[in-house]
Each structure stands twice: as C-alpha cells, then as structure tokens.
Amino acid sequence: MKAMFCPNCGGPVGAKAKFCSHCGASLTPPEPEPAAQPAPSVPSDPPELFPKSQLPPQDSPDSSPEAPQSPSAPEDASTPGDLDQSAEPVPQPEEDSPFSDLLRRQSAPSPSAGFAPPAEDTPPMGFYGGPAGPDSPPPPPPDMPEEFQPPHRKKRVGLAVGIAAAVVLVAAGALAAFLLFFNTSPKAQLAAYMGNTWAAMVPGGGEDGFFAALAAGKDKASRQTWNIRLGDDLTELLLEGGTDTFLGTNASLSLTPEELSDSGITLISEQDLANRKLSLAMSGNLGGFQVDALQLFLDDSLLSVSSPDFLGEQFYAINTETLAADLAASPLGGGVTADESMNFNYFDLIAPEADGRLDQLLSPDTLSALRELYKAWQDSVTVEKGSAGSVVVNGATLTCTPYTMTIPAPSLRDFITDGFALLEADEAFRIWLAQAMINGEYGSLSGTDPEAYWQENRQDVYDTLDSLSAVFQDDLVLVFQVADEQVRQITGNTRLTSAYGDTLSLSLDVQFGDESGVSGAFSAFLTVDDGYTPVRLELVSSGSHVPQAGEAFTDATRFSVFEAGAEVFSITADTWYDSIQPTDNFSFSCLISDEYGSTAMLNLSGTVRYDVQAGAASVDLDTISLGSGAQQFTLAGSWSVEPLDGFSFQPDSPTMLLSMSQAELDALSPLVEERLAALEERFYEYFPEAYVEPFDAGDFMTDLLDNTYHGILDHEYLEHSGYTQEEALAIHRSKLDTEPEYFFTAFGIEYPTEALQTRFATLYAQLYVQARYEIAGVEQLDSETYVVTVAVEPMDAIQQMYDRFPAFSEAFEAQFDEAALAAMSQEEWDDWYVNVYDAQYGQGLSDLFETVLTEGVGYGETEYVEVYVTRNYDGTWSADENSLWDLDLAILPY
C-alpha cells in the first residue's frame, strides 16, 4: 500500500506518487534484500565518468547498525584522525528554527517521530559506505547517453574566474555541510549546534515581528503604496534659476519652494495572484496639484494601460500571449516578422519561481539522479570532534570543543562537473539554458534553434565549467568551535590554484557572540592573498540584537576593506528600533568613505508598524537625508502593505491597441494634445501667479541687437538676460568705446587723443543707428538651446573710407615741406609726428568719416548669420560670443 506521508521528511504525498514533492525521496518500496551479500569492493582506481551500471549500495557491513561494535574500545584512542566518540547529547531546540525540520527528518521515518541523538561510535562515511577521507574515490553517476558525455575539455582557466567561483562555492559548501549532513554522530551534533546558534540569534525564527507580518501577507491579495516627498533643499535645487519648462511647452513656471512643499510621487500596486490580476497606478503631486499620470491593469494576459490626465478614461490593451502575431498585423508593427518568443504570460512566469522552478523544469529521473549524486558528495565530507580548549571569541575567552569538517577537493570538482552533465542530459534544462544564452547574447534571436545553438557552444560552456572547478586543488577545511551547545566560531582556509600555477589563499574567521551570549556580537574576517597584495574584508557588529522585553534593538556595524594592511573602503551603520514605542521608533544612519577621503551618507528616521495577524506593515520615514561631502539633500517617504479589499480601478471594455487602424492611431495625437492643453490650463488655475510669458528666442535676439547697436532697452530683455538697466547700457557704451579702436588700427592712427576717441564714438553711434537686421528664423534644438538666424544688410561705411583714402592721403601729405622735415633733429621730428602729423591725420580722417555718414551709407547684399542662444545654469539666457562676433563683422565689414 502506498504511504500517504513521506517516510523521509513526513510531508503529505499523493497515493500514486513515486517521488516526494517536498524532499525528492523515492516512495517506491525497496526490493527485499538477499539473506547475505558480500560487501562491495572499493576499486583502487576511480571509475569511468559515467559507467553503464547503477550506483553500488551506500551501506556496508562496517557502517550498518547491525555491524559488530567493540564495547571496550577506549574513548581516547590516540591514532591520528580518530574521532572523539564521547558523542554529547544533542539538545532539541526549544522553538522551531530553519534547522528544526532537518533535525526531525534525519532520524524520523514518520511525521510523529521525534529527534534522537545519533549513534556515538559511527565512523565518517565515504562515497561507498566505507571510511571517508581526502583520497576517497568519487561516486559513479547514473547511466547517461553517450552523446551527453562531457566533451574533451580544454584546460583554460583564469584566476579571476576561479576566485569568483571559489567564493560562491566555498560558502555554499560550508552551509550545505553543516545544514544537511546527518549521516553520522559528529555531523548531526554540528547541525544541531548550528541550529541552536540560529535560534539564539533570531528567537523563534522571527515569528512575531515585522518580517513575520510580511510573510503572513505574502500569498494574500494585497495593496502596496510607495510615496516619496521632496525636501526643501531639493525643491530649491529644482527651482534654482527661477524658471523651468512645464509639460513640454514653451511656457515657464515661477514658483517658490514654499509653494512646492510636499511635492512628490505616489505609486500604488495591487495584486490578487490567485485570480491572476494586478494593477499599478502612478501619480505626481506638485505643491498640492495632482497629476494622475499612469494606470496599468493586468487581467491574466490582457494588459490595459491608460492615463487619466493624458488619455482620459479610455484604456488601451494588448494581449501578451498573442503579442507577436498582433504586432505583425498592426500598423504599429512596421512590417516586423512575428517572433513567438515575444509572447508571454506574467503570471505563468512568476508561478514556477514560487513553486520551485527547478522541480518543474527537470524530469523526475534527473531530480532523482541529482539527489543521489548530492548524497554521495555529502558522504565524502568528514567531521571529526576534537578535545576542548580555550578560544577567544570577540574578546571573550570561552572553553570550546572543535569540530573539524573536511570537504575533499576531488569530490567537489566531480560534483560540479558530473552534476552539470546530469543537467545537460535533461532535454528541458538543455533547451532552457540554450534559450537563456541566446537571449543574453542577442536579445531575442528569431529563428535560432536552441538545440543546434547548444551543440555549437557546449564546448565553451564546459571550458568555463572547468575554469570554475579546476581551481579547487586543496581540500576545504572548516573548524567549528562549540560552547554550550552553540557554534561560537568558524575558521577555515583553502588554496585555489589556476591552470597556470597561480595560487590564491583564502582564510575565513567568523565569530558569534561574546561573554553575554551568541546574540551580543558578530564578526567575520576574510583574507584573500594572491602573493602580491593581500586583501582583508572585515565585518564587525555589536549591540542588543535580541532585546529582552521592554528593550530596544540596537546595532553598530562596520564593514572595512584593507589592501596591504591599509584601509581603502569602509561602511559604518547604526540602527535603532523600539517595537514598544508607537511612533518615532526607528532610525538608521550609514556613512561610506574611501581611501581618498570621499564620503557619502544616508540617514533615515521614522515609524515602523506591523500587524502579523492581518499581514499588514508600514514604514513612515519622516526624514531621508542623503549627501556626499558638504552637499546634503532631504526627502520624506512611506511604504505600506495591507490586505486588498478590492481594486481601485478596473478597465471597462478597453480598446485593443494593435487592432486599431492607422486612422484611429493618428486620431490619438490630437487627443493627447487636447488633454495636455486642459492639464496646463488647470495647472495655471491652481497656480495663477506661476505663469510668465513664454521665452521667444527671436525676440530675445532682436532686443540684444537693439541694446548693443541702438542703445534701446526692453524690460523682457532685462528679465531674460538677467542684466540690470545700468549693466545693459554699459554694454552699449562699451561697444561705442571699443569700435573706434578697430578704425584706428585699420587706418594707422597711432596716438589718438581723448577728444578724437570721443568724436569717433559719436560718429559710430550715428552709424549704428542705421544698422539693418531682422530675424529670419528660429530653431529649437532642445529645451535650453535655440539657433536664431539673423538677416543682415552689411553697411559700406568702411568700404567708402577705403575708396576715398588714396585721394585723402595724397592731399594730406602734400601740405608738409619735405626739406623742413629733413632739417629737424630726431627729437623735433618725434614731437612733430605725434602732436602735428598724427593729430592732424586723425582729425582729417574723422572729417572724412563724418562726410561719408552725412552723404549716406550704402548697404550690400543680405547675409545670414546663425546665432546660438542658450539658457545658463542660473536660468538666464545669453547668445554665443563667437556667433555675435560673426554677426558684428557682417553688420560692418572692415
């Protein structure tokens, strides 16, 4: 008769089930054993990778419960490697912990059986049931087709890859070892002691706390709400410059930080996984002005989207299960070829993860073979109990008993490679892995056959696998120090070796508690030494981690990274939480610093509430302060989860987006523009003082030229440029004062008097009044940049001066007596040149320039000059200096 409960773990099983869905154990009754069977022999050489035979029996006469035992064997046998056979009783934890169920399973054939201490003198078990040791041969895996034998592997390995694998696998091996090994006495004792340590650090597994409330509501229909609000300093930063663009238009805002207080974003997520429905809504708040930006509703495979403020109340939907074909037939698809890999169902994607995706993906035969391989690897690990001694744990001297665990490197390497070979032989896993590789490399490569892709790339996969496993050349040795039936310290070391002979030494030291108990302190130290620059990671934590009634939880933690003995990085965090206090019961601060003196900080404070029975919890953070160096910003926010009493919204007859015609799609643009205009109007009704005239780059450029050349001021120009009236007029005066210098240089006036400079400034003022320019076009590149095209009619005043200069020069030179000049001394000639010649020359040219202006300035053919107008960091606007120089030369060419 089939069992209704698993004989291994006690979980309920179906009447016709062949394997337990909880632990994977076989539910088929074993065949009756022959009366007597000789013990299987252990081969002297390791077997072939996948021999065509079943695994040999795991038990041998030496390790069976009926095997003869020596009642007179002394407990303190002194030969190397012997175990301490004292076998202290293993206590049952008072409350359930993650280890409690494992402790029950290892000794109980039925759900009602309790925990019993293991046999005291059972030796360490090996792969074949015999004594285990570092040289024990690996187990022969189950049968496998030849086409899935691992390929001939190229020994390519990099030390960096090995390091990454080592950290993960060392940690996994250590955890698996002391959590799951229950075959022999020291292993079972160690697992129980580790369970006691966990129970002491987290009493009851956290059954009455914040995370228990989250767990209670995990599978229920629920509503989660996130809210982020800006602080005053962030609001001022966003408003720096006084103006900002709103809704993509050219209108600007003029708001104060007070008007924008309490601004932020709210996100509400509602889900009912049992009925395959969820919703998402996002809204913004600008100083009390609400914008409902997005609504999303997923009903099985029908995904509906809307935006109350941008699209109205109508929802537009797509079917995610027929997305490829629908998109190919829609004008939105642009003629794309249907790619079935685009189709999906969100609830199907997340369901396997909740139920154990590996169990659903792999066949029962593969799962069974993996469990056998894993059990064989477990059996290769040995645990030996040593003699008690003094150990310093976080500054406290304790009397501890060592338990030494050895994980043989060969068995770890074989477990990795043989385990993957078993996975590869499973077609479902192989296709899944190949498809994941295709998607990861190409996004979504339509038309690629996963099986063909796998066969093409499997050699590279096995090469990488070799790189990950080949670094384990030395056994991993962990020493667990036990006091008062709790693990108080774990130390370990190993060495990784690359194919090129490079080595990396790892050393681990984890310490639990201090003189007050396990929960008082925690520290962990990991040293990685490549022979050049040793790196040490340190994590030290202290505080009241398991507070008594009426006490608050406190923790001070520091994580540091040292290179060659010097600290190069650190994170310091302090946490306080008082579950008794109804409000303001939580605070957290964190400071990050590096070797260069750079710092970053985060401070949180507020209220944490929870209701385990209702499955509800909330976090209200009155202060979220973050910054770097001297710059600091503040936010406020909240998060809550509560049972769902009904969806806030559900779409009614949504329009299928991919079934719309091109004409219907085109009609959406005017709809959005209409909604935007209505939203903008509603905003300025809410903030009537916020509206200012839109920025016009063409008008700005005209005002700039009028000020520069005509001296005419406009109020909007002063506002947009940021100039005062005095500053703007000074620009005009500077233009008139500077322009004569170009004339003096062009015509060789070397010693202009102040009176001459004043006269030329007056003449240039008369000239520039006649300048002709107009705006020919404006192009907006982005919200802060415009290109303004200015049409200019060049004035020919300077050209007329060039044309008349030869006659002027000849008449001017003729008035001087060359003989008289030749008779002058050098001093007399220098004085004459400055005070007579150059002065009269300049005066004559000024008279000629005035004549040109009086007779009339002519204009050349129209030229076009592009001027870049940009918004500055302070919100003001300005024109590019190089563009203005080109424009000036076009107005008055020299």
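These are my notebook entries on what I looked up in this predicted model.

**Entry 1, the whole chain.** I began with the overall make-up of the protein chain, whose secondary structure comes to 22 helices and 27 strands. Of its 894 residues, 39% are buried.

My next search was for aromatic pairs, of which the structure holds 48. One of them joins Tyr-346 and Phe-347, whose ring centres are 5.5 Å apart with 80° between the planes, an edge-to-face arrangement. I checked the accessibility of both partners: Tyr-346 is partly exposed at 33%, whereas Phe-347 is buried at 3%.

For a second pair I turned to Tyr-833 and Tyr-837, where the centres lie 5.3 Å apart and the planes meet at 15°, so this pair is stacked. I noted that both residues belong to helix H21, which covers residues 826-855, and that they sit four residues apart, about one turn of the helix.

Helix H18 runs over residues 754-768, and its 15 residues reach 21 Å from the first C-alpha to the last, close to the 21 Å expected at 1.5 Å a residue. Which residues of H18 are buried? I listed Leu-756, Phe-760, Ala-761, Leu-763, Tyr-764, Leu-767 and Tyr-768. Seen down the helix axis, the buried residues of H18 fall within an arc of 165°, so they line one face of the helix. On the other side of H18, I found Glu-754 and Ala-755 exposed. I then asked what covers the buried residues of H18, and the cover includes helix H15 (697-710), H17, helix H19 (797-814), H21 and helix H22 (881-891).

Leaving aside residues up to four places away in sequence, Ala-746 touches Tyr-802 and Tyr-894. I noted for Ala-746 and Tyr-802 that they are 56 residues apart in sequence, while their C-alpha atoms are 9.7 Å apart in space.

Last, I looked up backbone angles in two loops. Arg-276, in the loop between strand E3 (264-272) and strand E4 (277-286), has a phi near 55°, a positive value in a residue other than glycine. The relative accessible area of Arg-276 is 26%, and I recorded this residue as partly exposed. Asp-300, in the loop between strand E5 (289-299) and strand E6 (302-306), has a phi near 60°, again positive in a residue other than glycine. Asp-300 counts as partly exposed, at 28% relative accessibility.

Definitions and conventions
Residues numbered from 1 in each chain as written. Predicted model: local features only at pLDDT ≥ 70, side-chain atom pairs only at ≥ 80, totals over all residues. Heavy atoms only, no water. Buried < 20%, exposed > 50% of the residue type's maximum accessible area, 1.4 Å probe, protein only. Phe/Tyr/Trp six-rings, centres within 6.5 Å; stacked < 30°, edge-to-face > 60°. Contact = heavy atoms within 4.5 Å. Expected span 1.5 Å × (residues − 1). Arc of directions from axis to C-beta.
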